[in-house]
Amino acid sequence: MAWKNTRGMPTIKRVTVTIDATGQIVGRLATKVAHLLTGKDQPGYTPHIDSGAIVKITHADKLVYTGKKMAQKVFFRSSNRPGGVHRTLVSKLQVDKPGAILVHAVKYMLAKNRTQKERLKRLLIVN
C-alpha cells in the first residue's frame with residue numbers, strides 16, 4: 001500500500017483469501033468475511049481507504065445453522081407496492097441459492113455507506 005500511482009493515490013494490492021464453508025456457522029463466518037472485506041486485518045488499515053481482500057467462499061451449500069433457524073427464519077423482500085412483501089424460508093433458500101444467505105448476512109455487517117457495494121463485489125461464492 002506504500003506505492004503510489006501517477007495521480008498520487010495509493011495503489012492497493014489485494015490478497016485473495018479462499019474459505020471453505022463446510023461445517024461453519026453462518027453468522028460467525030459472515031463476521032470473518034466482513035472483517036476481511038473491510039481490510040481491518042491489515043496493519044495499515046485506514047477507514048477511508050478500501051484496502052480489503054478478495055474473498056472466495058467454497059461449499060456454501062454446506063453451511064450450518066444453529067437452533068431452529070432452518071425451520072423458522074424468514075427473509076423478507078418488498079417491491080414497495082401494496083401486497084408486495086415476499087417471504088422466503090431459509091430452508092428453501094438454502095436449496096435454491098445457498099450463497100444468497102451468506103451474502104445477505106455479510107451485507108448487513110458492512111458499513112452502510114458508498115463502500116458497501118464495492119466491497120460486496122469482492123465477495124465471490126464458488127460452489
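Colleague: What makes His-59 count as partly exposed?

Modeller: In this predicted model, His-59 has a relative accessibility of 34%, and since buried means under 20% and exposed means over 50%, His-59 falls in between and is therefore partly exposed. His-59 sits in the loop between strand E2 (54-58) and helix H2 (69-72), and although His-59 is not a glycine, its phi is positive, at about 60 degrees.

Colleague: Why is Asn-80 called exposed?

Modeller: The relative accessible area of Asn-80 is 71%, and because exposed means over 50%, Asn-80 is exposed. Asn-80 belongs to the turn of the hairpin that E3 and E4 form, with six residues between the two strands, and there Asn-80 has a positive phi of about 60 degrees.

Colleague: How do you know that E3 and E4 pair?

Modeller: Pairing requires at least two bridges, and five bridges join E3 to E4, so the two strands pair, running antiparallel. Among the residues involved is Phe-75, whose bridge partner in E4 is Thr-88.

Colleague: What makes the contact between Asp-50 and Arg-119 a salt bridge?

Modeller: The N to O distance between the side chains of Asp-50 and Arg-119 is 3.1 Å, and because the cut-off is 4 Å, the pair qualifies as a salt bridge. Asp-50 lies in the loop between H1 and E2 while Arg-119 lies in helix H5 (residues 115-121), so the pair ties together parts that are 69 residues apart in sequence.

Colleague: What makes Lys-121 exposed but Glu-118 partly exposed?

Modeller: Lys-121 has 54% relative accessibility, which is over 50%, so Lys-121 is exposed, whereas Glu-118, with 40%, lies between the two cut-offs and is therefore partly exposed. Their side chains meet in a salt bridge (3.5 Å, N to O), and Lys-121 and Glu-118, three residues apart in helix H5, are separated by about one helical turn.

Definitions and conventions. Residues are numbered from 1 along each chain as its sequence is written. This is a predicted model: local features need pLDDT of at least 70, side-chain atom pairs count only at pLDDT 80 or more; totals for chains, interfaces and linings use all residues. Side-chain values use heavy atoms; hydrogens and water are left out. Helices (H or I, at least four residues) and strands (E, at least two) are DSSP runs, numbered from the N terminus. Buried means under 20% relative accessible area, exposed over 50%, partly exposed in between (1.4 Å probe, protein chains only).
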